[in-house]
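Work through the exercises below with the sequence and the 3D structure open. Try each task before reading its solution.

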Amino acid sequence: MTHGNGTRDGGQLADVSALRPGGHAVVVGGGIAGVTAALTLADAGVRVTLLEGRPRLGGLAFSFQRGDLTVDNGQHVYLRCCTAYRWFLDRIGGTALAPVQERLDVPVVDLARPAGRRLGRLRRDALPVPLHLGRSLATYPHLSLAERAAVGRAALALKGLDLTDPALDTQDFGSWLAAHGQSARAVEALWDLVGVATLNAVAGDASLGLAAMVFKTGLLSEPGAADIGWARVPLGDLHDRMAREALDAAGVRTEVRTRVTSVRAKENGGWSVEVQGESLEADAVVLAVPQRETHDLLPAGALDAPANLLEIGTAPILNIHVVYDRKVLAAPFLAALGTPVQWVFDRTEASGLKEGQYLALSQSAAQNEIDEPVAVLRERYLPELERLLPGTRGAGVKDFFVTRERTATFAPDPGVGRLRPGARTKAPGLYLAGAWTATGWPATMESAVRSGVGAAGAALGALGRSRGLLPDFFGEAA
C-alpha cells in the first residue's frame with residue numbers, strides 16, 4: 001500500500017541513494033524519536049528513508065481499534081514546559097488537537113479522609129515562581145500545616161540544585177526528600193503523586209538528578225510550566241496519520257512492516273542497512289529504536305561500552321480501561337490517594353464512544369501488577385472506582401479491558417545517567433536517538449523529540465549540511 005509521497009507498506013525496497021545528488025540518511029525506527037529525526041533531516045534538505053518494523057508509526061504512543069472504540073494503548077500527557085514535544089505537535093499540524101490547560105488544575109481525591117473532605121486541588125495562580133503555587137500548597141488538605149511548610153523548604157532546596165552535577169544521579173530522590181524533612185505522607189500525597197506519573201518510579205527508586213530535573217523544570221521554572229496538555233483525539237491520529245502526512249510532505253520515504261536486520265559500515269565509507277535480504281546505501285544512519293535493539297544492531301566499536309545499554313532497566317505501565325453505561329466522572333481527569341488507583345482520565349470523546357463514559361486508569365511503576373490476570377484486576381479496580389467515584393455505584397460496566405506496556409520506559413534508577421549514551425557514536429555517520437539516550441529528561445515524549453533533533457543535528461554536521469534550521473529548544477527549560 002502506498003501512502004502519499006513515496007510511502008510504502010513493506011514490499012521491495014528501492015535504493016534511493018541515487019535519486020538526487022547529496023547525502024542520504026536512513027532512520028531506523030518510526031517512534032516519536034525516529035519521526036522527529038527524519039523530519040529534521042528532511043527539513044535541512046537531506047534525502048531520508050524511515051524504516052519501521054511495525055505496521056504503524058508512533059512507537060509506544062499509539063492507538064488501536066476495539067470494536068467501535070479507538071483506544072490509546074496508554075494515557076500520555078505533556079506539560080507546557082515540554083517545548084520540544086510542543087514543537088513536534090506544531091510541525092505535524094497537531095497543536096490544536098492536543099491543547100494545554102489554561103492553568104494547572106489537578107483534582108486530588110484522598111479516599112483515606114472522611115467523606116466531604118476528600119477533594120484537594122493542585123493549581124497555580126498568575127503569580128511569579130514560587131508564589132504561583134503558594135496558595136494551593138497553603139490550602140492543600142492532604143498535608144498537615146507542618147508538612148506543607150516542610151514541602152516549601154524542600155522545594156527551595158530543590159530549586160538550588162545544580163542539574164549539571166553528576167553526583168545527583170548517584171543518589172535516590174527518596175533519601176534526599178527524607179533528609180530534607182519530608183514525611184512519608186508528604187512523599188505519597190505530593191512528591192510521588194507527580195513523580196510516579198512523570199518518572200515511572202517511586203521516589204526511593206528514582207535518580208535524584210532526574211527527579212530534580214522534573215520538579216525544577218515543571219514546577220519551579222516558570223509559572224505555567226506544569227500546565228498539563230493531552231490529546232483530545234486518538235494518539236494514532238497524531239503520531240501515525242499526521243506524522244505520515246508530514247513525512248510525505250517533507251519528501252521522506254517511509255517504509256513500515258520493514259525490519260532492519262543489520263547495519264554495517266562500508267569499506268569505502270558510508271553505510272549499508274540490511275532489510276529482509278536487501279540493502280540500502282546511506283551516508284548517515286540514525287538508530288531510533290529501544291536500547292536492547294540498538295545494542296543488537298550496533299557495529300563493533302561504535303560505543304566504548306555497548307553492554308551499558310543492556311544495563312539500562314525498563315519499567316512497566318499498566319492501563320485499565322472501563323466503559324460505563326452512563327457518565328460517572330465530571331472532570332477530564334483526577335488523581336487519587338488512599339487507593340491503588342493513581343490517575344483517571346475521561347477518554348469518551350477521543351475514543352468515539354457515543355453513549356456512556358469511557359475511563360482510562362494509568363498505573364505507573366506497576367511492577368507488582370503488570371502480569372496480573374484481567375479477572376483479578378477487574379475484581380480489584382471496579383470496587384476501587386466505586387469508592388472513588390460515587391457515580392459508578394449502580395452504573396453498568398459495558399467493557400473492562402487492560403493494556404500492558406511491560407517496557408514502557410527506561411527505569412530512572414540512580415546511576416542510570418552514566419549508562420545513557422549521547423547522539424554520537426565512535427562510528428562516523430552513525431547516530432543514536434530515543435527517549436532513553438542522554439537527553440537529561442526522563443522517558444517522556446519530550447525526551448524522544450529532543451533525542452531525534454539531537455541525532456539529526458549531529459548527522460547534519462557530518463553531512464556538511466547547515467544546522468541553522470534546527471529547532472532551538474535545547475537549554476530552554478533545562
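**Exercise 1.** Does Asn200 count as buried or exposed, and why?

Solution. The model is predicted, with local features requiring pLDDT of at least 70 and side-chain atom pairs pLDDT 80 or more, while totals for chains, interfaces and linings use all residues. Residues are numbered from 1 along each chain as its sequence is written, and side-chain values use heavy atoms, without hydrogens and water.

Step 1. Buried means under 20% relative accessible area, exposed over 50%, and partly exposed in between, with a 1.4 Å probe and protein chains only.
Step 2. Asn200 has 2% relative accessibility, so Asn200 counts as buried.
Step 3. Asn200 lies in the loop between helix H6 (184-199) and helix H7 (208-219). Helices (H or I, at least four residues) and strands (E, at least two) are DSSP runs, numbered from the N terminus.
Step 4. The phi of Asn200 is near 60°, a positive value in a residue other than glycine.

**Exercise 2.** How do H1 and H8 pack?

Solution. 
Step 1. Axes are lines fitted to C-alpha atoms, for helices over the stretch in contact, and angles run from 0 to 180 degrees between N-to-C directions.
Step 2. Helix H1 (residues 32-43) packs on helix H8 (residues 235-249) at an angle of about 15°, with the axes 10 Å apart.
Step 3. Angles under 35 degrees count as roughly parallel, over 145 as roughly antiparallel, 65 to 115 as roughly perpendicular and the rest as oblique. H1 and H8 are therefore roughly parallel to each other.
Step 4. In the contact, Ile32, Val35, Ala38 and Leu39 of H1 meet His239, Ala243, Ala246 and Leu247 of H8.

Definitions and conventions:
Contact means heavy atoms within 4.5 Å.
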